[in-house]
Amino acid sequence: MYIVNSKEMKNIDELTISKGLQESILMEQAAFSVKEIVEDLNPKKILVMAGTGNNGGDGLAVARLLKNDGYDVQVYIIGNEENASYGFVNQKDICKEYQVDFIDEIKDLNNFDVLVDGIIGVGLAGEIKGELLDIIDHVNSCNCKVVSIDIPTGISSDTGKIMKKAIKADITVTFGYLKIGHLLYPGRSYSGEIKLSQMSFYKGYEKNLKRFLLTEEKIRDILPKRPKDSHKYNFGSIAVIAGSKEYSGAPILSALGAQLSGAGMVYLITPSYTPILEHEPSVIYTDFNKNYFEKNDLIKIKGKIEKSDVILIGPGIGQNSNDFIKEILEKYSHKKIVIDADAIGVIKKVKTNKNMLITPHAGEFQKLLKKEIESIEDIENYSLEKNINVLYKSTTSLITDGDNSYFNVFGNDALSKGGTGDLVSGVIASYIAQGCTVIDSTLIATYLVYKTGYDLGIENTNFTVTPLQIAKNLNRELIKLRGD
Ligand SMILES: NC(=O)C1=CN([C@@H]2O[C@H](COP(=O)(O)OP(=O)(O)OC[C@H]3O[C@@H](n4cnc5c(N)ncnc54)[C@H](OP(=O)(O)O)[C@@H]3O)[C@@H](O)[C@H]2O)[C@@H](O)CC1
Ligand SMILES: [K+]
């Protein structure tokens with residue numbers, strides 16, 4: 001499923017209209033789907049709040065359709081009608097013919113059961129200003145159900161940010177394509193339940209789109225098959241290079257993630273002792289009885305690294321092993337490498353390539369960028385400039401190779417615990433070892449871990465789910481995907 005920004009949406013609108021489909025037909029389709037959703041709420045009294053652009057035009061068409069179906073509906077117009085769009089003016093004229101009731105003052109919004117927010121859609125420019133600031137407060141403090149048209153007024157469709165103030169919707173009805181702002185927080189929570197309605201948009205533009213929603217269907221397509229006639233070398237081997245005196249648990253979670261999701265062979269190499277074999281005796285384990293890795297340790301693990309198809313480096317490794325990490329990234333840059341946690345910072349010092357994946361969360365990514373992340377373009381551009389794959393971990397995670405990006409919206413607060421990232425990186429390495437591309441492996445791994453965390457959170461609570469529990473239950477999601 002494609003995800004668009006405001007510019008792409010505008011281009012799709014314009015291209016469709018250039019093919020001969022009139023704007024008023026698109027507006028009627030949009031309004032009809034909103035009307036049906038409003039009617040499902042069984043309202044007695046409805047207020048449509050209409051801006052003076054095409055989002056307002058949609059709102060006016062919704063009011064007319066509701067009135068025509070016998071509903072008690074009123075319209076309040078917000079903004080300067082001198083600059084109104086043609087779509088707005090046209091719909092207002094039709095509303096007059098249909099005797100739709102316009103009001104020029106709103107007293108108590110609690111007199112209405114449903115408010116329709118047709119104030120601003122994808123045409124939002126800059127921060128909310130003027131009388132709208134107070135109106136948004138008023139809407140957010142009332143008890144009525146709020147249905148936003150296209151996107152809640154005040155949410156940027158490109159970043160999901162609140163542009164000073166935004167309407168909190170119960171339901172958002174959007175048209176043809178999800179917008180970035182529906183998926184990224186806080187836009188994701190302000191949108192409430194999102195309903196995507198089908199439109200007659202010209203599909204020819206889709207070849208230019210490069211952002212996608214990660215779905216279960218996609219995972220079914222890319223999950224590798226396991227040949228019946230196979231041996232352990234069919235499923236690849238992984239060198240997990242992780243841990244330090246302070247963090248002896250992280251390597252366990254990474255190694256378990258790799259081993260419990262299908263890899264053929266997992267070598268775990270840590271500087272200080274970690275009790276992995278108590279958890280999973282099939283892991284091949286080595287430690288050096290020291291606190292941190294040092295550069296000259298490489299010689300001792302060379303054999304295992306060279307035998308491995310994938311290297312996972314970083315979980316729990318701390319900041320005292322940077323020279324050792326740099327050496328590995330340089331020497332084995334021809335191998336697939338998952339670079340996690342404290343190893344991520346080291347990529348600033350090495351030449352990177354598309355065999356590599358970094359897995360930063362916001363704090364780690366900001367350190368790489370040396371600035372706040374403004375938009376997902378920052379992440380995509382970094383990926384292009386550094387020629388590296390990126391998993392940006394957040395409640396909505398972004399997986400990108402710079403050219404194509406996927407949004408994983410299965411994240412949830414059951415996962416917001418130390419150790420989840422270590423587990424994810426282990427599962428990613430596992431699917432790379434099993435022959436998937438770096439990007440596909442990241443899609444599969446984040447899907448499996450996030451979804452398992454979500455399901456366990458429902459069965460238990462999000463307070464109590466741990467990364468170890470998730471690791472031990474990865475099989476459940478795999479069983480569902482296998483379809484038996
Ligand atoms: N075209 C099509 O085929 C289809 C389009 N569709 C619909 O059109 C919508 C896009 O319409 P759009 O492009 O007219 O922009 P829109 O969201 O109404 O915003 C413009 C208005 O907002 C105002 N405004 C902006 N920023 C502001 C601020 N910071 N603070 C305050 N005010 C601000 C701006 O005011 P102005 O700056 O002009 O005074 C103007 O009034 C789209 O979301 C979908 O719903 C559907 O019908 C499907 C087919
Ligand atoms: K809106």
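Which backbone atom lies 3.0 Å from a polar atom of the side chain of S383? It is the backbone nitrogen of G402, and this pair counts as a polar contact, meaning N or O atoms within 3.5 Å, where, within protein, one must be able to donate a hydrogen and the other to accept it, and residues adjacent in sequence count only if both atoms are side-chain atoms. The model is predicted, so that local features need pLDDT of at least 70 and side-chain atom pairs count only at pLDDT 80 or more, while totals for chains, interfaces and linings use all residues. Residues are numbered from 1 along each chain as its sequence is written, chains are lettered from A and ligands numbered from 1 in the order in which they are written, and side-chain values use heavy atoms, with hydrogens and water left out.

**The whole protein, as a setting for the close-ups.** The protein has 18 helices and 19 strands, where helices (H or I, at least four residues) and strands (E, at least two) are DSSP runs numbered from the N terminus. Along its principal axes, the C-alpha trace spans about 85 × 40 × 40 Å. Of the 484 residues in the protein, 57% are buried, a word that stands for under 20% relative accessible area, with exposed meaning over 50% and partly exposed in between (1.4 Å probe, protein chains only).

**The surroundings of ligand 1.** Ligand 1 is surrounded by 24 residues, and the closest of them are D58, G121, A125, E127 and D150; a residue is near a molecule if one of its heavy atoms lies within 4 Å of it. This shell divides into 10 nonpolar, eight polar and six charged residues, with Ala, Val, Leu, Ile, Met, Phe, Trp, Tyr, Cys and Pro counted as nonpolar, Asp, Glu, Lys and Arg as charged, and the others, Gly among them, as polar. The helices α1 (6–18), α2 (23–40) and α3 (54–68) each supply at least two residues of the shell.

**Polar atoms around ligand 1.** A polar side-chain atom of D150 lies 2.6 Å from an oxygen atom of the ligand, while a polar backbone atom of E127 is 2.7 Å from a nitrogen atom of ligand 1. A polar backbone atom of V122 is 3.0 Å from an oxygen atom of ligand 1. On its own, ligand 1 has 940 Å² of accessible area, of which the protein covers 80%; such areas come from the Shrake-Rupley method with a 1.4 Å probe, and for residues only the protein chains shown count as cover.

**D150 in its loop.** The loop that holds D150 runs between β6 (145–149) and β7 (171–175). Although D150 is not a glycine, its phi is positive, at about 75°. With 9% relative accessibility, D150 counts as buried.

**S383 and helix α14.** Just after α14, N387 takes a positive phi of about 55°.

**K393 and the backbone of T359.** K393 is in the loop between β17 (389–392) and β18 (397–400), where its relative accessibility of 17% counts as buried. The side chain of K393 reaches the backbone oxygen of T359 at 3.1 Å.

**Backbone details in two loops.** Y185 and P186 are joined by a cis peptide bond, with omega about 0°, and P186 has its place in the loop between α6 (180–183) and α7 (187–190). A341 has a positive phi of about 50° although it is not a glycine, and A341 lies in the loop between β15 (336–339) and β16 (356–358).

**Pairs of residues compared in sequence and in space.** V424, in helix α15 (residues 420–433), counts as buried at 2% relative accessibility. From V424 to V449 there are 25 residues in sequence and 6.6 Å in space, C-alpha to C-alpha. F201, in the loop between β9 (193–197) and β10 (211–213), is buried with a relative accessible area of 8%. F201 and N296 are 95 residues apart in sequence and 61 Å apart in space, C-alpha to C-alpha.
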